[in-house]
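Student: I have a structure to go through and would like to talk it over. Can you put it up?
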There are 2 protein chains.
Amino acid sequence: MKSRSLLILLALGTLVQTGAQLHAQQAPGGRGSAPAPLRSPEVLPDRRVTFRLNAPKASDVQLTCECMRDTKGVAMKKDDKGIWTATLGPIAPDLYEYEFTVDGVQIGDPRNIVVKYNSRPGPISSVLNVPGDGPMFYDAKPVPHGTVDIRLYDSKATNSVRRAYIYTPPGYDKGSNKLPVLYLLHGADGDETAWVAFGRENLILDNLIAEHQAAPMVVVMPFGYAYPPSAPIPTGRTQGPDFEKDLMENLIPFVQANYRVYTDRDHRAIAGLSMGGGQTLQIGLHHLDLFSRVAGFSPAVARAPYDAFKDIAADAKKVNSSLKVLWLACGSDDSLFTPVKQFSEFLTASGINNTFVPSTGAHTWINWRHYLQEVAPKMFPGDAAMKMSRSTGN
Amino acid sequence: MKSRSLLILLALGTLVQTGAQLHAQQAPGGRGSAPAPLRSPEVLPDRRVTFRLNAPKASDVQLTCECMRDTKGVAMKKDDKGIWTATLGPIAPDLYEYEFTVDGVQIGDPRNIVVKYNSRPGPISSVLNVPGDGPMFYDAKPVPHGTVDIRLYDSKATNSVRRAYIYTPPGYDKGSNKLPVLYLLHGADGDETAWVAFGRENLILDNLIAEHQAAPMVVVMPFGYAYPPSAPIPTGRTQGPDFEKDLMENLIPFVQANYRVYTDRDHRAIAGLSMGGGQTLQIGLHHLDLFSRVAGFSPAVARAPYDAFKDIAADAKKVNSSLKVLWLACGSDDSLFTPVKQFSEFLTASGINNTFVPSTGAHTWINWRHYLQEVAPKMFPGDAAMKMSRSTGN
């Protein structure tokens with residue numbers, strides 16, 4: 001029974017990045033008399049993790065990992081067969097990006113099938129999954145599951161066909177009631193797949209909805225660049241205005257024409273991380289007619305003197321009566337911590353109600369998954385969150 | 001206008017692997033006075049392609065690419081700044097996997113955002129996109145687009161939650177008519193994402209349906225392993241039977257409960273590539289009560305004496321009256337070419353009608369995309385394919 005349970009947990013854990021990915025790393029080695037294939041990363045029973053790389057000709061291999069606070073990395077050690085090894089931890093259960101640097105070239109772990117890809121050229125990373133004692137809040141649990149739709153839509157704003165990921169909650173297909181919508185934006189190195197592939201948006205929402213913490217909602221994840229990141233932009237201006245135009249004029253109408261959603265501002269929210277957090281504040285605070293809930297996760301905020309938000313600051317009363325949620329969060333090891341804190345202070349000094357949640361951690365998905373779990377129930381609370389809110393007065 | 005058109009083509013080309021990926025590779029270098037970032041791969045106007053890697057400390061860098069018939073690869077050359085370069089081609093328009101091997105360690109191209117991930121541990125590859133003069137059959141064209149649903153379902157057969165990708169054709173949401181279903185299986189290093197991420201199933205079907213070559217159909221892409229590839233299997237048997245049990249007892253019922261599809265054998269087809277081609281023949285030919293169309297793409301077929309297919313061979317009449325399509329294809333550079341040809345000959349010698357299509361090429365997605373384009377209209381023809389079929393007698 002025990003190994004059966006373990007298998008179920010393992011199988012549940014697989015469901016995210018791609019069907020099989022999240023554990024070949026924990027699978028046993030080869031069969032019969034064949035030499036065991038190299039295992040990396042190997043999570044040991046005490047949650048220390050061993051990383052291995054076969055590189056006999058290399059003279060220097062470094063390991064960097066989000067699981068280490070020191071971003072410089074550690075030197076790996078070579079054995080007489082040319083296998084480089086380092087063991088870290090114990091490491092707290094979570095998902096972490098890591099890389100090897102082989103004689104100056106940064107690479108992903110060839111023995112790990114979970115690859116962290118980006119929307120901008122740059123080194124490939126791998127993802128370490130340190131499992132918890134049971135399923136984590138971002139793991140697939142035995143609860144009803146929603147669907148993620150991969151949708152293409154015509155974007156007149158950018159004169160192109162664009163792609164969005166759209167989450168619908170469990171039972172959406174069979175229901176008839178309208179739902180609120182959260183527009184959820186990725187960061188500068190991501191794309192429309194990032195919140196599902198690395199942020200586990202669908203599993204986090206499945207779990208929140210099953211626990212009645214969050215109300216069933218549709219979550220729309222657009223591609224946050226108007227054009228491929230370094231493509232020529234025909235108008236000569238920055239991407240931001242064209243992305244905003246696409247969102248307003250093409251994506252929101254597409255969602256409203258194709259999904260059973262409310263179309264009033266009271267049922268529309270926007271949130272985003274890093275670059276997408278900056279876009280969220282820029283778009284959300286300047287379109288109070290469209291959004292009633294706004295959240296920035298480690299947002300790339302405008303710096304003082306906050307010229308772009310003068311109009312908002314001048315009309316605090318309208319902002320306060322319009323926004324049900326204005327929520328900011330950032331990790332203390334994030335270089336954006338002070339700017340985000342100062343932006344919150346600017347809002348407060350302007351008389352604008354807002355919440356700033358300082359957390360631990362850096363500019364990573366570790367925080368963004370937690371922030372989504374925390375803010376989704378504040379935006380569209382489920383029965384349990386509403387009861388809690390009434391009893392605490394929050 | 002010209003640059004605008006180019007932009008549209010570029011934007012259309014982006015839509016596959018992830019929103020932005022398919023062209024950062026073709027985007028211009030840096031801005032202003034900053035040094036231009038390294039471009040790799042760079043597709044030149046004559047379709048030669050230059051690959052570049054920054055690795056000053058490396059002493060040997062090799063390039064391997066599906067675009068070369070020689071699988072040994074070519075040596076790249078280092079300049080005085082430590083940039084390694086190789087130029088290949090001209091290369092025919094298509095999508096190709098490639099890798100660098102740096103002092104014996106195989107890596108993806110750090111400057112290319114299109115990463116080829118696998119379901120089994122192994123080196124990471126990158127994807128080269130050599131564009132055609134216009135959109136290719138696997139590119140997004142300005143036609144109506146279907147949706148790919150990322151679905152989780154309970155699998156009692158494997159005691160786990162599993163994931164499938166399910167394509168529904170343009171207009172499915174608004175329609176009311178039932179549709180035929182194709183179950184489409186990936187290969188040994190793939191997973192349920194592979195046919196969309198690398199096979200472009202959705203765009204190929206969108207284009208075939210727009211041209212009335214294929215009828216609107218639902219395409220179900222399961223995860224072809226019952227368990228993570230090298231995980232322990234509780235029953236001690238191979239994965240095949242448990243995958244088949246999951247497909248029969250859990251996935252097909254899930255699809256029929258959640259999608260507007262016909263449930264009779266005449267509207268159900270199965271196809272697959274490599275390992276999935278072997279599964280397709282094994283499952284399809286032994287379940288004539290369930291499937292009326294069966295296609296193996298470079299299938300990993302059973303070898304003579306074909307014990308597993310004795311029962312089929314003994315009942316050719318029933319097979320012929322049951323199957324509308326029994327189709328096999330393989331490339332002449334594929335090590336499976338002779339086994340597939342021999343399997344077709346075995347079927348023919350047994351009196352079983354079948355089509356074997358020998359093509360050029362090797363064991364790659366280049367062929368599998370073409371095979372899907374060729375066989376989908378044979379399985380469920382659109383109006384244009386039916387007219388063509390009537391006029392040629394095929």
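This is a predicted model: local features need pLDDT of at least 70, side-chain atom pairs count only at pLDDT 80 or more; totals for chains, interfaces and linings use all residues.

Student: How many helices and strands does chain A have?
Tutor: Chain A has 11 helices and 18 strands. Helices (H or I, at least four residues) and strands (E, at least two) are DSSP runs, numbered from the N terminus.

Student: And what share of chain A is buried?
Tutor: Of its 394 residues, 60% are buried. Buried means under 20% relative accessible area, exposed over 50%, partly exposed in between (1.4 Å probe, protein chains only).

Student: Over to chain B. Why is S15(B) described as largely enclosed?
Tutor: Because 6 of the 6 residues of strand S15 (268-273) of chain B are buried, it is largely enclosed by the rest of the structure.

Student: Which residues sit on each side of S15(B)?
Tutor: Arg268(B), Ile270(B) and Gly272(B) are on one side, and Ala269(B), Ala271(B) and Leu273(B) on the other; all are buried. In a regular strand the side chains alternate between the two faces of the sheet.

Student: What does S15(B) pair with?
Tutor: Strand S13 (residues 181-185) of chain B pairs with S15(B) in the parallel sense over 5 bridges, with Leu185(B) opposite Gly272(B). S15(B) also pairs with strand S16 (residues 293-297) of chain B, parallel and over 5 bridges; there Ala269(B) has Arg293(B) as its bridge partner. Two strands pair if DSSP finds at least two bridges between them.

Student: Which helix goes with S15(B) and S16(B) in a β-α-β unit?
Tutor: Helix H6 (residues 275-286) of chain B, and the unit is right-handed. That is, with the strands pointing away from the viewer, the path from the first strand over the helix to the second runs clockwise.

Student: New topic: is Asn207(B) buried or exposed?
Tutor: Asn207(B) counts as buried, at 4% relative accessibility. The residue is found in helix H4 (residues 201-210) of chain B.

Student: What lies 2.8 Å from a polar atom of its side chain?
Tutor: The backbone oxygen of Phe137(B) lies 2.8 Å from a polar atom of the Asn207(B) side chain.

Notes. Residues are numbered from 1 along each chain as its sequence is written. Chains are lettered from A and ligands numbered from 1 in the order in which they are written. Side-chain values use heavy atoms; hydrogens and water are left out. A polar contact is a pair of N or O atoms within 3.5 Å; within protein, one must be able to donate a hydrogen and the other to accept it, and residues adjacent in sequence count only if both atoms are side-chain atoms.
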